[in-house]
Amino acid sequence: MQEVFHEAVNELEKGNPMVVATVVHTKGSTPQKPGAKLLVRNDGSGVGTLGGGCVEGDIWFAASQLLKRGGASQYRDYELNEDLAAQDGLVCGGTMYFVIDPIYSADEYLMFAQEIDAAYSGGPSVALATLINPGEFSGMETGAKLFIRENGTTEGTLGDSALDADAIKNALDLMAMGRNKHVKTRDGAQYFIEAYTTPPQLVLCGGGHVSKSIAPLAKTLGFRLFITDDREEFANAERFPEADIIIPKKPEDAIPELPVNANTFIVIATRGHRYDNVALDAAAATNARYVGLLGSKRKTILIYEDLLRSGMPLDRVRDLRAPIGLDVGARTPEEIAVSVMSEILMFRLGGTGQPMKLEQKHLDRIIGKIEAEQEAALEPVASAD
């Protein structure tokens, strides 16, 4: 969504009003998930998408009306029943919930957009909470905003100190991976909080066959890529043309030189137990949320024993991902690379790693529907006489 905030900065610096519509919650199968955004300019053009079709068309129309006639932020739902979905060629059926935010002046939004745009480009992580339903709270308005920085400072308010405190706590949890969350309190208030951080970074400690297969996958998936290996023939731009940074040093010397942050993923895939042990120790000392070790369970057990003997806290050992990867039966370096990146994506995006195969209850429903259609087709047509 960086392009939305980048364009918001451009428009507001020119003094142009605009509307930003955001998907804040979904139920069922929908063409977009929470966090999707559409910016509608004053001239009717836009940036971003809410999934296309009639959904986007209706939200676009509502945004245009706000720009023409004025008005406050709106919270609305949009049910995608089978007929509506079919009109747009969509195979979905669920409910999407939106906040449609008119922004009439730079004072309301420019600072937020500038800091969010900077976070995407490597600046400090930030979060933005938007009230979407005040529930039982009085005197609170849909669209109220609380902006939260990683150092704990804030701007604005959702309208209640307890609600602000809850949003701040959630923000600090979400910032590491740049995730979002729809929150409903016991008092019925609802807010949507979005965290923004740098693009994800992947450190490959070891330049062997598996790392060489992981590198192009990681780059395609939007990761900044860092390579370390003390052998220059395995750590060079010819072998890793996708890399943003290559450091031909031992991992314990290379890792401290890298711009590791919480949104960094470190994969240990060196050439032996002794190197893995030292590399894992160095990686675990960083604030990277994800540190994984490639190898067997036997090797993992031996290295964990060494780490605990050397004084690594048990909680940090528990956080390590080893052996790394999802169980897909991988054997070749290319297959292992897919397994590793699948687990990294699962961790980053909050997935379960479970198969998405259609459940039996849905198959039973399909069978029942087809059988009913076949029975109806066989019924004799009543005589006109």
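A cavity here is a set of grid points where a 1.4 Å probe fits but cannot get out. Its volume is the space filled by probe spheres set on those points. The model is predicted.

How many cavities of 30 Å³ or more does a search of the whole structure find? The search finds two. The table sets them side by side.

| Cavity | Volume | Lining residues by class |
|---|---|---|
| Largest | About 80 Å³ | six nonpolar, two polar, four charged |

**The largest cavity.** Strands S1 (18-29), S5 (93-103), S6 (126-133) and S10 (190-196) each give two or more residues to its lining. S1 supplies the largest share, three residues. Val 20, Thr 22 and Val 24 are among the lining residues. Charged side chains also take part, including Lys 37, Asp 101, Lys 145 and Glu 194. Tyr 109 and Phe 192 belong to the lining as well.

**The second largest cavity.** Its lining includes Thr 228, Asp 229, Asp 230 and Arg 231. Cys 205 and Gly 206 line it too, as do Pro 251, Thr 270, Arg 271 and Tyr 275.

**Thr 300.** This residue sits in helix H9 (residues 297-309). Is Thr 300 buried or exposed? Thr 300 counts as buried because its relative accessibility is 5%, and the cut-off for buried is under 20%. Leaving out residues up to four places away in sequence, Thr 300 touches Leu 293, Ala 322 and Pro 323.

How values were computed:
Residues are numbered from 1 along each chain as its sequence is written. This is a predicted model: local features need pLDDT of at least 70, side-chain atom pairs count only at pLDDT 80 or more; totals for chains, interfaces and linings use all residues. Side-chain values use heavy atoms; hydrogens and water are left out. On a 1 Å grid over the protein atoms alone, a cavity is a set of points where a 1.4 Å probe fits but cannot get out, and a pocket is an open set with protein on both sides within 12 Å along at least five of seven lines; lining residues have an atom within 4 Å of a point. Helices (H or I, at least four residues) and strands (E, at least two) are DSSP runs, numbered from the N terminus. Ala, Val, Leu, Ile, Met, Phe, Trp, Tyr, Cys and Pro count as nonpolar, Asp, Glu, Lys and Arg as charged, and the others, Gly among them, as polar. Buried means under 20% relative accessible area, exposed over 50%, partly exposed in between (1.4 Å probe, protein chains only). Contact means heavy atoms within 4.5 Å.
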